[in-house]
Amino acid sequence: MDKPTILVTGGAGFIGANFVCAWLSRHNGTLVNLDKLTYAGNPANLHALQADPRHVFVRGDICDPELIAQLLARFRPRYIVNFAAESHVDRSIHSPDAFVKTNVDGVFLLLEAALHHWKQLTQPEVEDFRFLQVSTDEVYGSLSAEESAFSETTPYRPNSPYAASKAAGDHLVRAYHRTYGLPVLTTNCSNNYGPYQHPEKLIPLMLLNALAGKALPVYGDGANIRDWLFVEDHCRAIERVLDSGTPGQTYNVGGHNEKTNLEVIRTLCAILDQERPRLGSGSYREQIRFVADRPGHDRRYAIDASKIGRELGWKPVESFESGIRKTVHWYLSQHRDWVEQVLSGDYKEWFAINYRGR
Ligand code: NAD
């Protein structure tokens, strides 16, 4: 049986952890998971894999070329999938330096190491090797209500430091293909939601604030539009692109679920009203508060995901309605402990106990 080894970076974060678990449920080879464990990386996201010998967790930085070179020489992965990033737009506005470090320098150092590794491979390894950069629709900038959705040929026009740093990383990935022939792939995906998302992001933030009786802060008029995709559908898309994508190509990934922020928040409130009625009376909607807008807030993102559908046969399984309900259930019922750990920072201690010596 085919047992490809894969190196995943950032696999203790939200999408990375979902990907690692999904991958190991479908493949038999070794998965090396390199993660720096910033505030966003949480080993508790990987608790289901603690006893799985195929999962090799390495705490480390993609900006450490010696470590990357050692891992590539030792494990000889067929695939490298780069999720590692600073990912929160608001943080990028206040402290952009970490974004440039990881999202630009880190991608460059990974590409350098990957190129060196690829050149050492023998046939057929050299043919099979792929480097996949996980990117975002935010690199395309903002759309007006009349403009059509972002396609793979839409020029990059990033507006936030986060988007600009991801765009710079993506350009390097493209250049390593055009200049050196490295077999790279890039996916540009819309907003993800689902289990294990850090509570700083819109959906978990609103859910947890609602339950805690706190305000639900909505930027500006709440009419900013995002496309939403359930995280498991994104993970399936990445797998499909790795398996069948054409090196050098970019694939847009989206859910055809354009929603205003206010619509998303009202949907969450409606589900919570049914599932966990507020103490006393009234709807969670009463906790909504409009706050000053984010500087440079992009008005609308929309993704045309027809290429990945047409060429690779991918389409999302989950509708927004079913995915959002699953997500609310996950946060409400099964994972209160996870939420408490993340909010308290206890998970760092949990890591020290459970992953000592690995
Ligand atoms: P996340 O912030 O939840 O996780 C990022 C992970 O990367 C964390 O585990 C963190 O510890 C790790 N990391 C950060 N810097 C590192 C470094 N220098 N070396 C090694 N590890 C490091 O992010 P996410 O939401 O899971 O996003 C993952 C990727 O997907 C990112 O590249 C992001 O740009 C992209 N993306 C995210 C979304 C979304 O909606 N969340 C949508 C499209 C694309």
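Select β7 and β9 (residues 225-230): three bridges join these two strands, which run parallel. Helices (H or I, at least four residues) and strands (E, at least two) are DSSP runs, numbered from the N terminus. Two strands pair if DSSP finds at least two bridges between them. Residues are numbered from 1 along each chain as its sequence is written. This is a predicted model, in which local features need pLDDT of at least 70 and side-chain atom pairs count only at pLDDT 80 or more, while totals for chains, interfaces and linings use all residues.

Which residue of β9 is the bridge partner of Tyr193? The partner is Phe230.

Axes here are lines fitted to C-alpha atoms, for helices over the stretch in contact, and angles run from 0 to 180 degrees between N-to-C directions. Two residues are in contact if their C-beta atoms, placed from the backbone, lie within 7 Å.

**The seven-stranded sheet**

Move to the other open sheet and colour its strands in the order β3-β2-β1-β4-β5-β6-β10; there are seven, and the pairing is parallel. The edge strands, each pairing on one side only, are β3 (55-59) and β10 (250-253). Here the twist averages 20° from one strand to the next.

Zoom in on β2 and β3, which run parallel and are joined by five bridges. Leu31 has His55 as its bridge partner in β3. Then select helix α6 (residues 161-180), which packs on the sheet and touches β5 and β6 (184-189). The direction of α6 makes about 155° with that of β5.

**Two backbone details**

Go to the loop between β2 and β3, where Leu37 lies. Phi of Leu37 is near 55°, a positive value in a residue other than glycine.

Then find the loop between α4 and α5 (125-128), which holds Pro124. Is the peptide bond from Gln123 to Pro124 cis or trans? The bond is cis, with omega near 0°.

**The whole chain**

Zoom out. The chain has 13 helices and 12 strands. Along its principal axes, the C-alpha trace spans about 65 × 50 × 40 Å. A compact globule of 358 residues would have a radius of gyration near 21 Å, and the chain agrees with 20 Å. This radius is taken over C-alpha atoms, and the globule rule is 2.2 Å times the number of residues to the power 0.38.

Last, colour by pLDDT, the predictor's confidence in each residue, from 0 to 100. The chain averages 94, and 95% of the residues score at least 70. For the complex, the predictor gives an ipTM of 0.99 and a pTM of 0.95.
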